[in-house]
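Please examine the sequence and the three-dimensional structure shown below.

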Amino acid sequence: MNSPTNSDDTVDVAVLGGGIAGLTLALQLKQSMPDLAVTVIERQAHPVAEAAHKVGESSVEMQAHYLRDVLGLREHLDSAQLRKFGLRMFFPSNGNRDIARRVEFGQIEEAPLSTYQLDRGRLENHLGARIAAEGVRFLDHRRITGIDLRAGDEPHVIEMSDGGERRTLRARWVVDASGRAGLLKRQLGLAKPVAHQANSSWFRVAHPIDIGTWSADVDWVARTDVERGPYGRRGGARRFSTNHLMGHGYWVWLIPLASGSTSVGIVADARIHPHSGFNTLDRALEWLGDHEPQCAADVQAHRDRIQDFRVMRDYAYGCKQVYSQDRWFLTGEAGVSIDPLYSSGGDLMAVSNGLIVDLIGRGRAGEDISDRTVAHNQLYLLLSEIWLVAYAQQYPLMGNSQVMVAKVIWDTIMYWSVPGLLFFHGTFPHLSEHPGSLVNLFRAFKIHSRVQQFVREWHAVDDRPAEGLFADPYTLMPFIVDLHEGMAAGLPADELDQQFATNVALLEQIAGQLVTTVIDQLRHAPEPAAGSQLETWLADPLLTELRVLYQRRQETNPIDSGWITLGRQSPSIA
Ligand SMILES: Cc1cc2nc3c(=O)[nH]c(=O)nc-3n(C[C@H](O)[C@H](O)[C@H](O)COP(=O)(O)OP(=O)(O)OC[C@H]3O[C@@H](n4cnc5c(N)ncnc54)[C@H](O)[C@@H]3O)c2cc1C
């Protein structure tokens, strides 16, 4: 793993940073082009610590597909990591002292496509050994100290310190995967602020904290303890979900790790919960005691088993450019960092790595990749925007169970119908060759952005408490299992374009249903307080168009509005 570097070493690709993005990119490059000379330079010595290593422990469908199917890590995932039991959320109720009284969002049984809880130390150790076995030179315990980008065909020069000794490496392509160090981003002045300010603190406990034991209420226990769920599988254990304890302006994660530890993290909007309230272990435990007493009690019972404590201030940022025809690229958090709510960091990394492999492969084959580099750059930045609008300004909604359940279902449908479908089908590197799909992507983004604004407006006029309800997305919307499985349908190109168009039409229908149902609910509310907001919505051209599309499509494809009303009947719409 540690072969020394000579001063005149020249490789095809130098990957700067061997975290998950750099290691997976190196593996994908080598698998796509076995004779490519790839070197990864990583500051930390391997093996790294298990459990208490990094965040980025929960995966969703795209990252899971990337690791399992694109990179072929199925055996590692099945044997050394945990299968995740979906996303689960609990909304506030009565001081959060009884989990069974909180509105719960989550599935009853395993979803068809697996996702995983990742012990990042374990994964990076596996990837480090794996890339070395595939012929990548992995230089761990080396610190990159300089990057000299050269023009024309001259190789770029990377300087590193190797146990105090200075060494250099030359490379035709340089990929910055240095995470938050953002080596190239800083050097090239590519940082771009985003309109989302949030902070996080987290720690790992060497104990399996089990949310499933927080209540003995038989009905609550029975919800996921079933012989057959809606699509015929046995129920699952809540502990294996990525559990989110939601509240106004914050959420707390509980993620089980294969090493037996539990990752616990607080994420909060800086304007609602200043970081100074939870930026040390003592303060974080006190903060949990105030906002999430059941969680705090379980953690306090195992306080002597806390393994680490980390903080990240203002974790969200953008980037002006991630790929350049001057033979440099940024991937992972060396480029953009958005928000962990839906675990999308690993998804963006997976997309980015695929686009970089495409560009290096074509550039190496002598193709002029200037236009393609611009197109890939725009596509990646657009996708990160699509994710960003789901998080920015949305933390104030997090304690509103009705609005959030509808939003999470919308975001899930959007995710499976658009980026999920395209990523599983390997479409992103070729998207510029499918103008119809590009149009659909922009249409989906436009509707998605308006829906995000709509749920904010809805929350501002309707924040009534709810208790004890259970929202299983598959029961509320049985057809979404088709969207979920449809990602992995393996459709040929023409059928895929058609399926994408169908998915976008479905998005139009359910966005229209959301607007229609909320307006109907508020009109019939006992104390109508939303008069001017209703007027504004009724006069909005895009919302009007969506309401009309909904009415039309509902006739041939009826969808129950229970996903918007926490399963309750809407006043005048069946
Ligand atoms: C609070 C929080 C929670 C998150 N949770 C999730 C989640 O559940 N799921 C998810 O998918 N994503 C999550 N993310 C995002 C996730 O953490 C990132 O997507 C992922 O870890 C980024 O990986 P990376 O390889 O880009 O960066 P890193 O893993 O940080 O790797 C960068 C590497 O570069 C090395 N390096 C830096 N500087 C140098 C140097 N000078 N010389 C040599 N090496 C260097 C570092 O040692 C490091 O190993 C979360 C993010 C935050 C902020």
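A polar contact is a pair of N or O atoms within 3.5 Å; within protein, one atom must be able to donate a hydrogen and the other to accept it, and residues adjacent in sequence count only if both atoms are side-chain atoms. The model is predicted: local features need pLDDT of at least 70, side-chain atom pairs count only at pLDDT 80 or more, and totals for chains, interfaces and linings use all residues. Residues are numbered from 1 along each chain as its sequence is written, and side-chain values use heavy atoms, with hydrogens and water left out.

An oxygen atom of the ligand lies 2.7 Å from an N or O atom in the side chain of Glu42. The backbone also takes part: a polar backbone atom of Ala21 is 2.9 Å from an oxygen atom of the ligand, and a polar backbone atom of Gly56 is 3.5 Å from a nitrogen atom of the ligand. The ligand taken alone exposes 990 Å², and the protein buries 92% of that. These areas come from the Shrake-Rupley method with a 1.4 Å probe; for residues, only the protein chains shown count as cover.

Which residues come nearest to the ligand? Of the 34 residues around it, these are Glu42, Ser58, Arg120, Glu333 and Gly346; a residue belongs to this group if one of its heavy atoms lies within 4 Å of the ligand. The shell divides into 13 nonpolar, 12 polar and 9 charged residues. In this division, Ala, Val, Leu, Ile, Met, Phe, Trp, Tyr, Cys and Pro count as nonpolar, Asp, Glu, Lys and Arg as charged, and the others, Gly among them, as polar. At least two shell residues are supplied by each of α1 (20-32), β8 (143-148), β12 (198-205) and α9 (345-364).

The protein chain as a whole contains 17 helices and 20 strands. Helices (H or I, at least four residues) and strands (E, at least two) are DSSP runs, numbered from the N terminus. Along its principal axes the C-alpha trace spans about 75 × 60 × 45 Å. Buried residues make up 61% of the 574, where buried means under 20% relative accessible area, exposed over 50%, and partly exposed in between (1.4 Å probe, protein chains only).

Met246, in strand β13 (residues 242-247), is buried because its relative accessible area is 0%. Beyond residues up to four places away in sequence, Met246 touches several others, including Phe90, Arg102, Trp251 and Met404; contact means heavy atoms within 4.5 Å.

Met414 lies in helix α11 (residues 401-424) and counts as buried at 2% relative accessibility. Among the residues that Met414 touches are Ile386, Phe445, His448 and Leu507. The C-alpha atoms of Met414 and Asn503 are separated by 8.7 Å, although the two residues are 89 residues apart along the chain.

Is Ser370 buried or exposed? Ser370, in helix α10 (residues 370-391), counts as buried because its relative accessibility is 18%. The side chain of Ser370 makes a polar contact of 2.4 Å with the side chain of Asp368.
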